[in-house]
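Here is a short briefing to read with the sequence and the 3D structure side by side. Take the topics one at a time.

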Amino acid sequence: MKCFDVVRRIAVSLPDRALAVSCNGMISREFHETGDGPDRFFMIGSMGLASSIGLGLATARPDRTVVVLDGDGNVLMNLGTLASIAAAGPTNLYHFVIDNRAYMSTGGQRTISDRVPIEAVARSCGYRRAVRVDAERELTDALGGFFDEPGPAMLLCAVEPGNLAGVGRVKRSPDEIAARFRAAATGGEAP
Amino acid sequence: MTEEASTSGLFLDSLEAAGYDWFGGVPCSILKHVIRRLESEPRYDWLAAVREDAAIGSAVGAWLGGRKPAVLMQNSGFTVCYNALSALSLLYRVPALLVVSWRGDGPDAPEHIHTGATTETVFGTLGIPHLVLAPDRFDEQIREMTSVVDRRRIPAALLVRKGTLT
């Protein structure tokens with residue numbers, strides 16, 4: 001599977017009123033390519049922390065579905081937060097990991113996820129579900145009903161290295177991304 | 001001193017009165033009385049983070065979800081947060097009150113000396129306003145830092161010396 005195809009499949013499967021946080025690097029850029037909106041938080045720095053943001057958001061808004069689009073490099077940088085998520089156990093948190101076994105933004109250097117199965121770590125920590133898919137058909141099966149069962153749940157999608165040619169950067173200002181996201185999450189005015 | 005009259009209880013009351021309604025962080029002995037209360041009272045919904053920068057990340061998520069976060073940590077862990085604070089909190093303008101204990105403020109275990117001596121410099125370098133918590137003025141100081149947090153949409157900090165919060 002290709003990263004962008006998976007990102008697109010996830011984007012179209014998001015439940016109504018879901019709040020999504022995407023990790024820095026190519027994943028935020030590709031997620032942005034599928035659409036911009038106030039219910040999407042595109043993280044452009046602070047590598048590793050998308051899962052932490054998702055955890056805080058899920059505890060603050062138990063009434064909303066919270067989705068994290070993460071990468072293997074990001075998860076490995078903040079592996080302890082898998083334990084925090086499992087311990088807190090937010091039933092509304094759905095954690096996607098797009099695993100290409102490489103740091104693509106910095107030149108495709110290898111991560112260690114070829115030797116350390118992240119979904120097994122999540123399962124051991126205590127995620128209610130953590131499954132790995134390697135092919136389109138498995139992804140389709142896994143996505144069907146994925147949000148119907150409680151989280152915290154992980155769906156790890158193994159993809160080949162490589163990203164959408166010419167994918168743009170997120171141009172909207174971080175300040176505005178945060179303000180409009182908070183308004184969308186709370187039904188209030190932007191601060 | 002009774003449990004009710006302890007400074008950590010009054011400190012938490014002042015935080016709540018200032019609107020803080022989300023609490024997370026990583027323990028420090030200087031903050032143990034406050035954290036014990038945060039852990040034991042379900043209404044605080046204390047998030048025990050495993051690293052301080054992860055606590056900052058979750059505080060950002062909580063603010064995005066409409067909450068007003070306070071994050072507690074030791075200064076050793078505060079220095080772990082440099083990138084989270086600069087490339088997430090300050091970049092996206094997400095406010096939080098940081099309650100940072102000050103190990104190495106004077107004689108202390110060797111691992112705290114250099115961090116303790118440079119902690120205030122790091123706040124200055126980051127551009128995060130801070131006050132050293134004064135036992136007799138913390139209600140006023142919390143309000144002062146909260147006005148910074150609210151007006152500028154950035155983190156601000158209270159630096160806590162040993163023995164301040166009982």
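Ser14(B) counts as buried, because its relative accessibility is 8%. Buried means under 20% relative accessible area, exposed means over 50%, and partly exposed lies in between (1.4 Å probe, protein chains only). This is a predicted model: local features need pLDDT of at least 70, side-chain atom pairs count only at pLDDT 80 or more, and totals for chains, interfaces and linings use all residues. Residues are numbered from 1 along each chain as its sequence is written, chains are lettered from A and ligands numbered from 1 in the order in which they are written, and side-chain values use heavy atoms, with hydrogens and water left out.

**Around Ser14(B)**

- Find Ser14(B) in helix α1 (residues 7-17) of chain B. Helices (H or I, at least four residues) and strands (E, at least two) are DSSP runs, numbered from the N terminus.
- Leave aside the neighbours within four places in sequence, and Ser14(B) is in contact with Phe138(B), Asp139(B) and Ile142(B). Contact means heavy atoms within 4.5 Å.

**Salt bridges**

- How many salt bridges are there over all chains? The count comes to 21. A salt bridge is a side-chain nitrogen of Lys or Arg within 4 Å of a carboxyl oxygen of Asp or Glu.
- In chain A, Arg180(A) and Asp36(A) form a salt bridge, at 2.5 Å from N to O. This pair links distant parts of the chain, 144 residues apart: Arg180(A) sits in helix α8 (residues 174-186) of chain A, and Asp36(A) in the loop between α2 and β2 of chain A.
- Is Arg180(A) buried or exposed? Arg180(A) counts as buried, because its relative accessibility is 14%. Asp36(A) has a relative accessible area of 36%, so Asp36(A) is partly exposed.
- In chain B, Arg103(B) and Asp108(B) meet in a salt bridge, at 2.6 Å from N to O. Arg103(B) is buried at 18% relative accessibility, while Asp108(B) is partly exposed at 29%.
- Back in chain A, salt bridges that share partners join Asp36(A), Arg172(A), Glu176(A) and Arg180(A) into one network.
- Glu41(B) and Arg43(B) also form a salt bridge, with their closest N and O atoms 3.1 Å apart. Glu41(B) is partly exposed, at 33% relative accessible area.

**The loop with Gly37(A)**

- Gly37(A) is in the loop between α2 (26-33) and β2 (40-42) of chain A. Gly37(A) is buried, because its relative accessibility is 7%.
- The C-alpha atoms of Gly37(A) and Arg110(A) are 32 Å apart, and the two residues are 73 residues apart along the chain.

**Aromatic rings**

- There are eleven aromatic pairs over all chains. Rings of Phe, Tyr and Trp (its six-membered ring) pair if their centres lie within 6.5 Å; planes under 30 degrees apart count as stacked, over 60 as edge-to-face and the rest as tilted.
- The ring centres of Phe78(B) and Phe123(B) are 4.1 Å apart and the planes are at 20°, so this pair is stacked. The pair links distant parts of the chain, 45 residues apart: Phe78(B) in helix α4 (residues 75-80) of chain B, and Phe123(B) in helix α6 (residues 110-126) of chain B.
- Phe78(B) is buried, at 1% relative accessible area. Phe123(B) is buried too, at 0%.
- Tyr94(A), Phe96(A), Phe146(A) and Phe147(A) form one aromatic cluster.

**Charges over rings**

- Arg43(B) lies over the face of Tyr44(B), 4.5 Å from the ring centre. A charge sits over a ring if NZ of Lys or CZ of Arg is within 6 Å of the ring centre and within 35 degrees of the ring normal.
- Lys68(B) lies over the face of Tyr20(B), at 5.4 Å from the ring centre.
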